[in-house]
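Please look at the sequence and the model first.

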Amino acid sequence: MSKPILFVALIFSLISISSEAKDKEVVVIGTLHGDHRRFPLYNFDTLRIVLQHLHPDLLLVEEDPVSFKARNWEKQSEEEYGANRPIEIKLVIMPFAEKEKIRVIPTDFRAEYDKFNTNENGELKELMKIPSKRALMLAAIEPYESVFLDDYLFRSIYDFQKDSVMAALEQKHTLAQAEPILEPFERVSDRRQHEIDKNVVSALRNNAFKRAVVIYGLTHRPPLVRAIRAAKVAEIVSLEQAMQPRVPGFFDREPGYTLPK
């Protein structure tokens with residue numbers, strides 16, 4: 001094949017890939033694990049109803065292939081499974097997926113992370129005792145903690161997906177990277193996140209779907225969104241965009257209108 005023909009073929013290949021990606025929608029949802037129990041407007045039922053409304057044909061979850069294949073989410077007790085994995089997988093995601101017959105792909109990478117002693121909170125407390133470190137640590141911790149502690153009675157699932165929340169999460173991560181005592185913890189988390197990003201992008205690229213939902217703990221959402229956008233394997237749709245009402249407004253209803261089943 002001559003160079004001009006090869007170049008043209010490459011261009012058409014790129015156009016085809018781009019066109020295929022546009023036909024794929026992906027919604028990235030950040031979850032709260034056990035903290036869903038504290039939030040009346042973003043509890044386990046909220047997550048279940050949202051998944052039902054989104055009606056995805058592919059779910060990418062925060063589980064590793066070994067644990068997933070062993071069906072630990074089914075075999076282990078709520079306490080045992082929730083101690084090591086996102087409890088929403090056991091209580092919401094897998095029951096929903098099995099009932100609706102939706103394909104689920106585990107995309108986590110935990111080998112090093114689970115073995116590493118991630119006593120980051122203990123190290124943070126020690127740093128807070130050092131006057132020269134205290135102001136910097138407060139700048140990292142207070143916005144981060146406010147995401148999970150402030151207005152918990154009124155924060156909805158939509159609030160937790162906002163860019164302002166993503167910024168607070170990344171601020172803590174960035175400041176922790178610059179602190180020598182915390183940097184080892186961040187390095188392990190970063191290696192895990194890098195593998196997660198690769199796994200998610202690969203699953204989106206190599207599987208046929210119309211709408212996929214990526215469900216991970218909230219702190220994973222910023223890097224996941226960036227990785228998917230950079231790879232251009234699917235069109236990212238915000239939760240607000242995806243959650244379109246199926247019931248017409250009061251003045252748009254025809255006489256005798258009945259709610260859909």
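**Basis**

This is a predicted model, in which local features need pLDDT of at least 70 and side-chain atom pairs count only at pLDDT 80 or more, while totals for chains, interfaces and linings use all residues. Residues are numbered from 1 along each chain as its sequence is written, and side-chain values use heavy atoms, with hydrogens and water left out.

**Overall fold**

The chain has 13 helices and five strands. These elements are DSSP runs numbered from the N terminus, with helices being H or I of at least four residues and strands E of at least two. Of the 261 residues in the chain, 41% are buried. Buried means under 20% relative accessible area, exposed means over 50%, and partly exposed lies in between, with a 1.4 Å probe and protein chains only. A contact means heavy atoms within 4.5 Å. Among contacts between residues at least 6 apart in sequence, 78% join residues at least 24 apart.

**Nonpolar cores**

A nonpolar core is a set of buried Ala, Val, Leu, Ile, Met, Phe, Trp, Tyr and Cys residues joined through side-chain atoms within 4.5 Å. In the largest such core there are 39 residues, and Ile29, Leu51, Leu54, Leu59 and Leu218 have the most contacts inside it. The elements giving two or more residues to this core are β1, α2 (44-54), β2, α6, α9 (131-149), α10, β4 and α13. With seven residues, α6 gives the most to this core. A second, separate core has 20 residues, including Val26, Val28, Val214 and Val233.

Leaving aside neighbours within four places in sequence, Leu218 is in contact with Gly30, Thr31, Leu32, Val147, Phe148, Phe160, Val165, Met166 and Leu169.

**Salt bridges**

A salt bridge here is a side-chain nitrogen of Lys or Arg within 4 Å of a carboxyl oxygen of Asp or Glu. The whole structure holds 17 of them.

| Pair | Closest N and O atoms |
|---|---|
| Arg85 and Asp64 | 2.6 Å |
| Arg191 and Glu112 | 2.6 Å |
| Asp159 and Lys162 | 3.2 Å |

Arg85 counts as buried because its relative accessibility is 14%. Asp64 is buried too, at 11%.

Arg191 lies in helix α11 and Glu112 in helix α7 (residues 111-115), so this pair ties together parts 79 residues apart in sequence. Arg191 is partly exposed, with a relative accessible area of 38%, and Glu112 is partly exposed, at 31%. Lys162, the partner of Asp159, is partly exposed at 40% relative accessibility.

Salt bridges that share partners join Glu62, Glu63, Asp64, Arg85, Asp108, Arg110, Asp114 and Arg192 into one network. Glu62, a member of this network, lies in the loop between β2 and α3. Glu62 counts as buried because its relative accessibility is 4%. Not counting residues up to four places away in sequence, Glu62 touches His33, Pro86, Ile89, Asp108, Arg110, Arg192, Ile215, Tyr216, Gly217 and His220. Glu62 and Ile89 are 27 residues apart in sequence and 8.1 Å apart in space, C-alpha to C-alpha.

The largest share, five residues, comes from α12. By type, the lining of this pocket divides into seven nonpolar, three polar and seven charged residues. Ala, Val, Leu, Ile, Met, Phe, Trp, Tyr, Cys and Pro count as nonpolar, Asp, Glu, Lys and Arg as charged, and the others, Gly among them, as polar.

The buried residues of α12 are Arg221, Pro222, Leu224, Val225, Ala227 and Ile228. Their cover includes β1 (25-31), α10, α11 (183-206), β4 (211-217) and β5 (235-236). Lys232 follows α12 and has a positive phi, near 55°.
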